[in-house]
Amino acid sequence: AERIYGAKRGSERENTDLEATRQAIETRTASEVKRYMDYYGIDYSDHHQYDLVVETSQMSIAEVVQSIIDYAGRVESGI
């Protein structure tokens, strides 16, 4: 929410303050979860179904890329 609110994109009029941005994200996420469940029968927010989940909120782009490369290397080597 802080990143989105801080971007101050004019097309996102609902982001009038940090709390409004957080609420808009929650509303959008709930809508997307329902839509994926309706269309595909899966809850995409359930991280147990993914091989890799990267929490990027406190990471630089370089750190994110490196974590993906490291994971791919472990998978390739069978670790």
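The largest pocket of the predicted model has a volume of about 500 Å³. Its lining consists of 14 residues, and those closest to the centre of the pocket are Ala1, Arg3, Ile25, Glu55 and Thr56. Two helices, helix 1 (2–7) and helix 2 (18–40), each contribute at least two residues to this lining. Helix 2 provides the largest share, namely 4 residues.

Salt bridges were examined next. The structure contains 3 salt bridges. One of them joins the side chains of glutamate 19 and arginine 22, with a distance of 2.3 Å from N to O. Both glutamate 19 and arginine 22 belong to helix 2, where they stand 3 residues apart, about one turn of the helix. Arginine 22 also forms a salt bridge with glutamate 26, and here the closest N and O atoms are 2.3 Å apart. Arginine 22 and glutamate 26 lie 4 residues apart in helix 2, so about one helical turn separates them. Through these contacts, Glu19, Arg22 and Glu26 are linked in a network of salt bridges.

Lysine 34 and aspartate 38 are both located in helix 2, with a spacing of 4 residues, or about one turn of the helix. Lysine 34 and aspartate 38 are both exposed.

Attention then turned to nonpolar residues at the surface. Tyr39, Tyr40 and Ile42 form a nonpolar patch on the surface, and together they have about 370 Å² of accessible area. Of these residues, tyrosine 40 is placed in helix 2. Tyrosine 40 counts as exposed because its relative accessibility is 54%, and the class of exposed residues begins over 50%.

Glutamine 58 is situated in the loop between helix 2 and helix 3 (61–77). With a relative accessible area of 74%, glutamine 58 is exposed. Glutamine 58 and glutamate 2 are 56 residues apart in sequence, while their C-alpha atoms are 12 Å apart in space.

Taken together, several of these features involve helix 2. Helix 2 supplies the largest share of the lining of the largest pocket, and glutamate 19 and arginine 22, as well as lysine 34 and aspartate 38, lie within helix 2. Tyrosine 40, a member of the nonpolar surface patch, has its place in helix 2 as well.

How values were computed. Residues numbered from 1 in each chain as written. Predicted model: local features only at pLDDT ≥ 70, side-chain atom pairs only at ≥ 80, totals over all residues. Heavy atoms only, no water. 1 Å grid on protein atoms, 1.4 Å probe; cavity = no way out; pocket = protein on both sides within 12 Å on 5 of 7 lines; lining within 4 Å. Points joined across faces, edges and corners; volume = space filled by probe spheres on them. Salt bridge = Lys/Arg side-chain N within 4 Å of Asp/Glu carboxyl O. Buried < 20%, exposed > 50% of the residue type's maximum accessible area, 1.4 Å probe, protein only. Patch = residues over 30% accessible without salt bridge, like charges linked within 9 Å, V, L, I, M, F, W, Y side chains within 5 Å. Areas by Shrake-Rupley, 256 points an atom, 1.4 Å probe, with all protein chains shown as cover.
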